[in-house]
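Here is a friendly note to read beside the model. Keep the 3D view open and go through the points in order.

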Amino acid sequence: MRNLNADNITDAVINEFSGCQDERLKTILNSLVTHLHAFLREVKPSEEEWTQAIDFLTRTGQMCDDKRQEFILLSDTLGVTMLVDALNHQTSDPMVSESTVLGPFYVADPPQVAQGEAIDWGVEGEPLYVEGRVHNELGEPLANVVIDVWQSDSEGFYDVQKELDSASLRARFTTDDQGRYAFWSVTPSPYPIPTDGPVGKMLEITGRHPYRPAHVHFMLMAKGYETLVTQVFAEDDPYLDSDAVFGVKDSLVRDYRLMPPGPAPDGRTLESSYRHLKYDFGLKKAS
Ligand code: BEZ
Ligand code: FE
């Protein structure tokens, strides 16, 4: 293995992995080297450009800690997260809900809240009533499904970004025997993904905006079913067709319907106008 050049170095590197006992790892590394080398042959970076690329990745790593994951943001903004999602959760069954990106603001084990309660602790905004059912592929209701929800406030901030002492606009519900869930919240707004790191710089110098359309996140977990990680987007949002992380699917867009003051679906009377979002989720049996 000497005198390597642009034509034979790829095979030489792949050959070095030939002793790898883990067949899956060997396949992944062979493909990575093949495609990475092909990319470089196509782009022909100058040494200065390559140094810039290493510097970008270094800064991306340096931006990460237990609260901030800049590499996931890079994956999101390059469409990689949604490609991995598409490769793993392809479904053509209209009875199964589509998934989308998890995002960085999920916190495990949120406060458990009773059906129909409000989760807008310590925040103000236009009231939003969210309700729906969870069913299986046959449309039969699923009871005892654990649903974690999380969302931004009406200014576009998650509780973890505001460093509140306790959770807000995130909670865990359990479906009743008819598969129903319901809660009161506030209407979320579109918001920019974090732009104070190298990913924000990449968006800026490439002329891309950092916004995500308004949405509520859901994670549904039920024994014997695939966990569903998804979001429901607001139908009138200006960013639906330019989501910074490519996460919008038609089946996940709904009317956050503006309702006049008066009796709400759960029997309460509201003195102000509010919004009403209805969304039913279909879960797929685990294979
Ligand atoms: C979110 O929806 O919370 C999100 C997703 C990807 C990147 C940043 C934020
Ligand atoms: Fe979000």
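1. **Ground rules.** Please keep in mind that this is a predicted model, in which local features need pLDDT of at least 70 and side-chain atom pairs count only at pLDDT 80 or more, while totals for chains, interfaces and linings use all residues. Residues are numbered from 1 along each chain as its sequence is written, chains are lettered from A and ligands numbered from 1 in the order in which they are written, and side-chain values use heavy atoms, with hydrogens and water left out.

2. **The whole chain.** The chain has 7 helices and 14 strands; helices (H or I, at least four residues) and strands (E, at least two) are DSSP runs, numbered from the N terminus. Along the principal axes, the C-alpha atoms fill a box of roughly 80 × 40 × 35 Å. Of the 287 residues, 40% count as buried. Buried means under 20% relative accessible area, exposed over 50%, and partly exposed in between, with a 1.4 Å probe and protein chains only.

3. **A stacked ring pair.** The whole structure holds 12 aromatic pairs. What makes the pair of Phe105 and Tyr158 stacked? Their ring centres are 4.3 Å apart and their planes are at 20 degrees, so the pair is stacked. For the terms: rings of Phe, Tyr and Trp (its six-membered ring) pair if their centres lie within 6.5 Å, and planes under 30 degrees apart count as stacked, over 60 as edge-to-face and the rest as tilted. Phe105 lies in the loop between helix H5 (80-88) and strand S1 (127-135), and Tyr158 in the loop between strand S2 (146-151) and helix H6 (159-162), so the pair ties together parts that are 53 residues apart in sequence. Are these two residues buried or exposed? Phe105 is buried, with a relative accessible area of 10%, and Tyr158 is buried as well, at 0%.

4. Tyr211 is partly exposed at 28% relative accessibility, and Tyr239 is partly exposed at 22%. Elsewhere, ring pairs link Tyr181, Phe218, Tyr279 and Phe281 into a cluster.

5. **The ligand.** Now turn to ligand 1. Among the residues that surround ligand 1 are Phe105 and Tyr158 from point 3, together with Leu73, Asp76, Tyr191, Arg212, His215 and His217; a residue counts as near a molecule if one of its heavy atoms lies within 4 Å of it. Which side chains come up when you look at the ligand's oxygen atoms? An oxygen atom of ligand 1 is 2.7 Å from an N or O atom in the side chain of Tyr191, a polar side-chain atom of His215 lies 3.1 Å from an oxygen atom of the ligand, and for the side chain of Tyr158 the distance is 3.4 Å. The protein covers 100% of the 260 Å² of accessible area that ligand 1 has on its own; such areas come from the Shrake-Rupley method with a 1.4 Å probe. Helix H4 (70-77) and strand S7 (215-221) are the elements that give two or more residues to the shell around ligand 1.

6. **A buried arginine.** Arg170 sits in strand S3 (residues 170-174). Arg170 is buried, with a relative accessible area of 3%. A polar contact of 2.7 Å joins the side chains of Arg170 and Asp159; a polar contact is a pair of N or O atoms within 3.5 Å, and within protein one must be able to donate a hydrogen and the other to accept it, while residues adjacent in sequence count only if both atoms are side-chain atoms.

7. **Positive phi angles.** Asn3 is not a glycine, yet Asn3 has a positive phi of about 55 degrees. Asn3 belongs to the segment before helix H1 (9-16) and is exposed at 71% relative accessibility. Asp109, also not a glycine, has a positive phi of about 55 degrees. Asp109 is found in the loop between H5 and S1 and is exposed at 60%.
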